[in-house]
Amino acid sequence: FGDERKTEIAPDSSDLEIEDLIADEDVVISITHSGYIKRLPVDTYRRQKKRW
């Protein structure tokens with residue numbers, strides 16, 4: 001376009017841990033007799049009209 005860049009791209013100086021990328025939310029964990037494991041957010045579980 002011929003214009004000079006208006007933003008600056010710089011390296012991130014903060015330390016990022018894997019735990020910082022995981023959302024902090026309430027979940028329901030279901031385990032079947034066959035050993036299958038399923039993780040659902042609580043609000044999704046409630047929308048399915050299931051009771052715990």
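Two strands pair if DSSP finds at least two bridges between them. Strands here are DSSP runs of E with at least two residues, helices are runs of H or I with at least four, and both are numbered from the N terminus.

Some ground rules. This is a predicted model, where local features need pLDDT of at least 70, side-chain atom pairs count only at pLDDT 80 or more, and totals for chains, interfaces and linings use all residues. Residues are numbered from 1 along each chain as its sequence is written, and side-chain values use heavy atoms, with hydrogens and water left out.

Now the hairpin. Strand β1 covers 27-31. Strand β2 takes in residues 37-41, and five bridges join β1 to β2 in an antiparallel arrangement. Two of the pairs can be named. S30 has K38 in β2 as its bridge partner. I31 has I37 in β2. Five residues sit between the strands of this hairpin. In the turn, look at G35: its phi is positive, about 100°.

Stay with β1 for a moment. V27 is found in this strand. V27 counts as partly exposed, at 32% relative accessibility. For that scale, buried means under 20% relative accessible area, exposed over 50%, and partly exposed in between, using a 1.4 Å probe and protein chains only. V27 and R46 are 19 residues apart along the chain, and their C-alpha atoms are separated by 11 Å.

Next, salt bridges. The criterion is a side-chain nitrogen of Lys or Arg within 4 Å of a carboxyl oxygen of Asp or Glu. How many does a search of the whole structure find? One. It joins the side chains of R39 and E25, at 3.2 Å from N to O. R39 lies in strand β2 and E25 in the segment before β1, so the pair ties together parts that are 14 residues apart in sequence. R39 is partly exposed, with a relative accessible area of 49%. E25 is partly exposed too, at 38%.

On to the segment before β1. Start with D26, which has its place there. Is D26 buried or exposed? Exposed, at 62% relative accessibility. D26 and A10 are 16 residues apart along the chain, with 36 Å between their C-alpha atoms.

Then the surface patches. Patch residues have over 30% relative accessible area and no salt bridge; like charges are joined within 9 Å, and nonpolar side chains (Val, Leu, Ile, Met, Phe, Trp, Tyr) within 5 Å. Accessible areas come from the Shrake-Rupley method with a 1.4 Å probe, and for residues only the protein chains shown count as cover. Lys and Arg count as positive, Asp and Glu as negative; His and the chain ends are not counted. A charge is placed at NZ of Lys, CZ of Arg, CG of Asp or CD of Glu.

Which residues form the negative patch? They are D12, D15, E17, E19 and D20. Take E17. It lies in the segment before β1. E17 is partly exposed, with a relative accessible area of 47%. E17 and D43 are 26 residues apart in sequence and 27 Å apart in space, C-alpha to C-alpha.

There is also a nonpolar patch on the surface, formed by L16, I18, L21 and I22. Together they have about 460 Å² of accessible area. I22 has its place in the segment before β1. I22 counts as exposed, at 57% relative accessibility.
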